[in-house]
Each structure stands twice: as structure tokens, then as C-alpha cells.
Amino acid sequence: MPYGLLNGKRGIISGALNDQSIAWKIALKAKEEGATFTLTNAPIAMRMGAIRDLAEQTGAEIIPADATSTEDLDKLFTQSQEVLGGKVDFVLHSIGMSPNIRKGKAYTDLNYEWLKQTIDISAVSFHKMMQSAYKLDAISEWGSVVALTYMAAQRTFPFYTDMADAKALLESIARSFGYRYGRYRHVRVNTVSQSPTPTTAGSGIGGFDRFFDFADKTAPLGNATADQCADYCITLFSDLTRMVTMQNLFHDGGFSMTGISEEVMELINRPNQD
Ligand SMILES: NC(=O)c1ccc[n+]([C@@H]2O[C@H](COP(=O)([O-])OP(=O)(O)OC[C@H]3O[C@@H](n4cnc5c(N)ncnc54)[C@H](O)[C@@H]3O)[C@@H](O)[C@H]2O)c1
């Protein structure tokens, strides 16, 4: 049931690749809650076509931008303001990619050129996005910026390899930029740390299925879905969370605060050795 939480708000939503993408669900919810927005993704992702369906469904214009290109990002913010008729109230960063993961490189055998790409695409792009918005003064007073992250930034998950380091930087950028944007325009900046979610990026991680089940059996509420993540992000874009900033917010059914669950204990049950 829509609550009208984003009535009259304008935004930019990155990272919708297909209908499994977390950003896709966020776009649908944002529309339902009354927002108007532009959609953006890397030019190469546009060729796959699915984003056009989402644009049709939501009445959004697509503005291609490689999130590592400051030129593209300047265009994104300038054109979004023209299309939407004013400054934007919310921005979603839903972007991640590791060539080392894609090509199956172990953490102890990283290709450093690929590591640079991982960091640039998955973390520095968040800084670039906000720097572009800041310089163009493209986000309204009390606006909201959200990036998606994963708990491998705090605790080791071996299969997440160099993305863990990228997420740690992403979360740090949220704090550092959040401080400055807060003082400049009362704009808040947060990261949402989401449960494992079956998307193109998620499923690309080695052993994803088993880890998905492990997290689901560990979290008392089970894994949070992409739709539920969308609900949460909508609250962060809304006026109900104006004083929340520089936070990394876990949206994971309680996984991050659980040591071990009874369900997982049962899976590794051994005969009593006393
Ligand atoms: N799926 C999960 O398990 C999970 C869990 C926690 C956090 N996240 C994070 O959620 C975010 C969205 O991922 P998703 O799971 O929806 O997968 P997804 O594959 O649908 O989305 C990743 C997006 O990043 C875009 N992208 C890659 N390189 C880009 C570039 N240079 N410029 C602009 N866009 C670029 C891709 O085109 C794609 O749309 C990512 O930051 C991811 O790390 C995912």
C-alpha cells in the first residue's frame, strides 16, 4: 500500500540492470510512492535493453553515465535537473563490479589493474557522484543520498575478495562526504548493508547459493529481499529520516548481530563427546 512518502520528490536512480536488480525494485517503489526520477547506468548496460522496460513502466528518462567518468556524472546531474524541473531530492548509488571476482582471481593472487577498477567502479564512483552533485549544487536542502553495501566491509567473507575492500572504502566515503554535505546543505548520506540477494552482481560471487542459505538460516528474520530493501531505501529518501546521516545501516534480518543460530547448530550437529 503506497503511503505517498516521496510525493513531489525528484531523484536519480543508478544500477537497474534487470528486474532482479535491487535498484529496479527501488525504482518501482519510488514511483509508487510519488517520486519522479531519472534512471542511469553504464552505457554498456543500456545495450542489454531491459532498463528501457523499467523506464516505460515508471515514466522515467534514461541518462547513460559511466559512474567512473566525472564528465558523464556532471552531465547526469545537469540533465536530470533539466528533465525533472529542479534540483534532486534523492540519489541512489547501486553500483558494484569486480573484474577479479568475475575472472575468478583469488584474494592472494589479485590483478592490481583489476583491483583499481574494482575500487573505482564500486567505491570511488560514490565520491565522484557526490562531488559532481556538490559542485553543481544539484541536491536540494535536506536531500538524501544512499549507497548499497555489504557486511564484508566489517567482517571477512572469503568469497567476497577485493569487493570487501571496496565496500569498506564506500562506507568511509559515506561518512566523510556525509559530514561535508550535511554542513553544506543538510544533505544526508548513508549506506544500506543488504542481505545476500540473488541478482546478477550477487550471483557472480563464488559459492553464493550456499552462503545465501547460511545467512538465511542464521538471521532470526531470514534474509531481507530486494523488495524489502526497496521499502527501507524509500524511508531513507523520505522526510521521516531527516536526521539520519553518515550511518551504515544493516538491512539483513538480524544476521550481523547473530553469532550462530540453532538452525546452523543443527546442521553441524555432532555426537556428544562427553
Ligand atoms: N546482491 C547482493 O547480494 C548484494 C548484497 C549487498 C549489497 N549489494 C550491492 O547492491 C548494489 C547493486 O547490486 P545488485 O545486487 O542489484 O546487482 P546488479 O548486477 O543488478 O547491479 C549492479 C549494477 O552496477 C552497474 N555498473 C557496473 N559498472 C558500472 C559503471 N562503471 N557505471 C555505472 N554503473 C555500473 C551495473 O550495470 C548494474 O546495473 C551493488 O553495490 C552491490 O554490491 C548487493
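**Tyr160.** I started with Tyr160 and found it in the loop between strand 5 and helix 7. I'm working from a predicted model, so everything in these entries is computed from that. Is Tyr160 buried or exposed? I counted 22 other C-beta atoms within 10 Å of Tyr160, and 20 or more is enough to call a residue buried, so buried it is. Leaving out residues up to four places away in sequence, I get Tyr150, Ala152 and Ile205 as the residues Tyr160 touches.

**Tyr150.** Next I looked up Tyr150, which also sits in the loop between strand 5 and helix 7. Strand 5 covers 139-149, and helix 7 covers 161-185. Tyr150 has 26 other C-beta atoms within 10 Å, so I put it down as buried too. What does Tyr150 touch, not counting residues up to four places away in sequence? My list reads Tyr160, Lys167, Ser193 and Gln194.

**What the record says.** I checked UniProt for this pair. The entry, which is unreviewed, places the feature "active site" at Tyr150 and Tyr160.

**Around the ligand.** Then I moved on to the ligand. There are 27 residues around it, and the ones that come nearest are Ser21, Gly96, Thr199, Ala201 and Gly202. Which elements give two or more residues to this shell? I noted helix 1 (22-32), strand 5 (139-149) and helix 8 (200-203). Helix 8 has the largest share, with three residues. I also sorted the shell by residue type: 13 nonpolar, 13 polar and one charged.

**Whole protein.** Last, I zoomed out. I count eleven helices and seven strands in the protein. The radius of gyration comes to 19 Å, close to the 19 Å from the globule rule for 274 residues, so I can call the protein as compact as a globular protein of that length. Along the principal axes, the C-alpha atoms fill a box of roughly 70 × 45 × 40 Å.

How much of the protein is buried? Buried residues are 45% of the 274, and Tyr150 and Tyr160 are among them. I also looked at contacts between residues at least 6 apart in sequence: 74% of those join residues at least 24 apart.

Note on methods. Residues are numbered from 1 along each chain as its sequence is written. This is a predicted model: local features need pLDDT of at least 70, side-chain atom pairs count only at pLDDT 80 or more; totals for chains, interfaces and linings use all residues. A residue is near a molecule or strand if its C-beta atom, placed from the backbone, lies within 6 Å of it. Helices (H or I, at least four residues) and strands (E, at least two) are DSSP runs, numbered from the N terminus. Ala, Val, Leu, Ile, Met, Phe, Trp, Tyr, Cys and Pro count as nonpolar, Asp, Glu, Lys and Arg as charged, and the others, Gly among them, as polar. UniProt positions are given in the numbering used here, feature names are shortened, and annotations may be inferred rather than shown by experiment. A residue is buried if 20 or more other C-beta atoms lie within 10 Å of its own, exposed if 12 or fewer, and partly exposed in between; C-beta atoms are placed from the backbone. Two residues are in contact if their C-beta atoms, placed from the backbone, lie within 7 Å. The radius of gyration is taken over C-alpha atoms; the globule rule is 2.2 Å times the number of residues to the power 0.38.
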